[in-house]
Amino acid sequence: MSGIDSLVEKLAGASVEENEHKEVNFAGRALKLNTEDDAAEIVKSIQNCPGMTVLRLEGNTVGIPAAKAIAKALENQPHFKKALWKDMFTRRDKTEIPEALSYLSNGVMVSNSRLVVLDLSDNAFGPRGLIGIVKLLESPSCYSLEELHLNNNGLGISGAKMLADAMCNCIENSRKDGAPLKLKIFVCGRNRLENEGATAVSKFLKQLGTLESVAMPQNGIYSEGIKHLADALSSNPDLKVINLEDNSLTEEGALYIANCLPSLKKLQMLNLGDCLIRTGGALALAKVLKESCSELREIYLGYNEINKEGGKALADAMENKMALELLVLNGNQFGDEGCILIIERMSELGKSDQLGTLSEDEGEDDENDEDDDDDDYNEEHVEEEEESDSQDEISNKSLEDDKSSLHPSPVYKVNSIHDFVRHPTSGMLVSLHDANEDILSLLPEESSDFDYVDLFCKVCSVVDLDNEKVKLAAYRFADDILSKAFSLWSNDISLFNNNFLVGIGLLKGENKKMEKDLDISGILVVLDHVVRQPYFLSSTRSLLQFFLSQPLLYVTANNKAKHILMQTL
């Protein structure tokens, strides 16, 4: 057998991975699965993987007949644990999705498998789609669930209520059967839950008591909804991560969160960025943080209209935070004097390295306008509720359009999870990975290929050869980013290849100013992983090999990293 034949054989078998988890992986293949025949390759891979524990279908589009065929194959997989099914209904009619999900759910239930992870993020199916998984959520197959990811699904208020009822039934049923649900991670961002939806979801969060991570950013939740969420969070003493970024907490909501913090002794990450907590909210949080949450590593309070008094109080509260890795206060209203005050205080505490950039500070502002601003927010919120006739028709675009009108920000931001894009660090990357955050939510709604490449480069920028934990996190996110990018530009791969090479610094672009002596070692380390993946095209691989075999004209790189990648290529 020739070397080429051997390589083809290896790639053909790449959809089934043999490791401690038996995984069938069709992620990012951009497959259009309309009929049962279209799904034949997936069905065969499932059948040829006895004891399968993981099925990755994200980045494809699945119709009803295809879902039915896949579900039939799932019926014989009792060890199935991880359903990684985000972004798999692109361009599907909303009437198709519930039935497709119902078939898949039934396949899981018939197999009597016990799911640990269910990820249906980035499927804008709304409340209608949720109907397809209600029976699954209430069944014994979900009594073992540890992670539930429903990010960017367009659930709305009615979907949130439906979800809450199903999860409350799951909790009750599982306890009656002596196998109580112990959910650890709950992700439900960008769903337009608003106060009513957040209140509904809070009911089952409070009952759980086992949560370690809750992420509900960009949901249009005001202080009334936060009140119920804070009460639920305080009933989960093992919480390590709270992400409520880009909701309208205001000072009142910040006070509710502050009051629940003393109960959360294991908290490691608190993200209240872009939540309009203002100075009053900052002072309330600072007062509590000074005496509690000693294990906090990352705190995100950027873009909150906090003045220098609030900023100084927050810096003072960091005195006992020995585990602190990052404090983000960018985009507030400290003014030059306030910024200097905060920087000096963090330096006095020996924590200057932990303070994020203050480069986008908005300068001091007249706080007499605050009450008027609150009135504007509340009036706008009421108007929006009156105009919303049905949450069922929410789409990804309307989600973002509604959010931007509801919560204007002094600086436009696209879901800056952990402020990673503005201030990438290795610790933040690992935190993103551990919290199972969706890296693609950092992209603009109308993303160009340059946006994908830029996000890939930012992920790689914090990677080095020797830190395995950071590398593993980067590998996962790089797979998410590039598999999606390759599928989107599959019909114009020449353009993508050109822009990819420009983006990583191997080719000079007409409109791109090259950063002098840019070190791309981290990019090369991650590329050594991604070039081995099925989604990475041979044409891109060949171009990489050609340009890396030449002297690097515009960038620098670690010789070892380059050598390892060249060996792989």
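Modeller: Happy to! Let's start with a definition: buried means under 20% relative accessible area, exposed means over 50%, and partly exposed is in between, with a 1.4 Å probe and protein chains only. Please keep in mind that this is a predicted model, where local features need pLDDT of at least 70, side-chain atom pairs count only at pLDDT 80 or more, and totals for chains, interfaces and linings use all residues. Residues are numbered from 1 along each chain as its sequence is written, and side-chain values use heavy atoms, leaving out hydrogens and water.

Biologist: Why is Asp528 called buried?

Modeller: Its relative accessible area is 13%, and buried means under 20%, so Asp528 is buried.

Biologist: How many salt bridges does the structure hold?

Modeller: There are 23. One of them joins Glu196 and Lys161 at 2.4 Å, N to O. This pair links distant parts of the chain, with Glu196 in helix H8 (residues 194-208) and Lys161 in helix H7 (residues 156-176), 35 residues apart. Helices here are DSSP runs (H or I, at least four residues), while strands are E runs of at least two, and both are numbered from the N terminus.

Biologist: Are Glu196 and Lys161 buried, partly exposed or exposed?

Modeller: Glu196 has a relative accessible area of 43%, so Glu196 is partly exposed. Lys161 is partly exposed too, because its value is 36%.

Biologist: What makes Asp316 and Arg345 a pair that ties parts together?

Modeller: Their side chains meet in a salt bridge of 2.6 Å, N to O. Asp316 lies in helix H12 (residues 308-316) and Arg345 in helix H13 (residues 335-348), so the pair ties together parts that are 29 residues apart in sequence. Asp316, at 16% relative accessibility, counts as buried, and so does Arg345, at 17%.

Biologist: Why is the pair of Phe486 and Phe536 called edge-to-face?

Modeller: Rings of Phe, Tyr and Trp (its six-membered ring) pair if their centres lie within 6.5 Å; planes under 30 degrees apart count as stacked, over 60 as edge-to-face and the rest as tilted. The structure holds nine aromatic pairs. In this one, the ring centres are 5.2 Å apart and the planes are at 75°, so the pair is edge-to-face. Phe486 lies in helix H18 and Phe536 in the loop between helix H20 (521-530) and helix H21 (538-548), so the pair ties together parts 50 residues apart in sequence. Both Phe486 and Phe536 are buried.

Biologist: Which residue in that loop has a relative accessible area of 4%?

Modeller: That is Val531, which lies in the loop between H20 and H21. Val531 is buried because its relative accessible area is 4%.

Biologist: Finally, how do you know that Lys469 is exposed?

Modeller: Lys469, found in helix H18 (residues 468-488), has 53% relative accessibility, so Lys469 counts as exposed.

Terms used
Salt bridge = Lys/Arg side-chain N within 4 Å of Asp/Glu carboxyl O.
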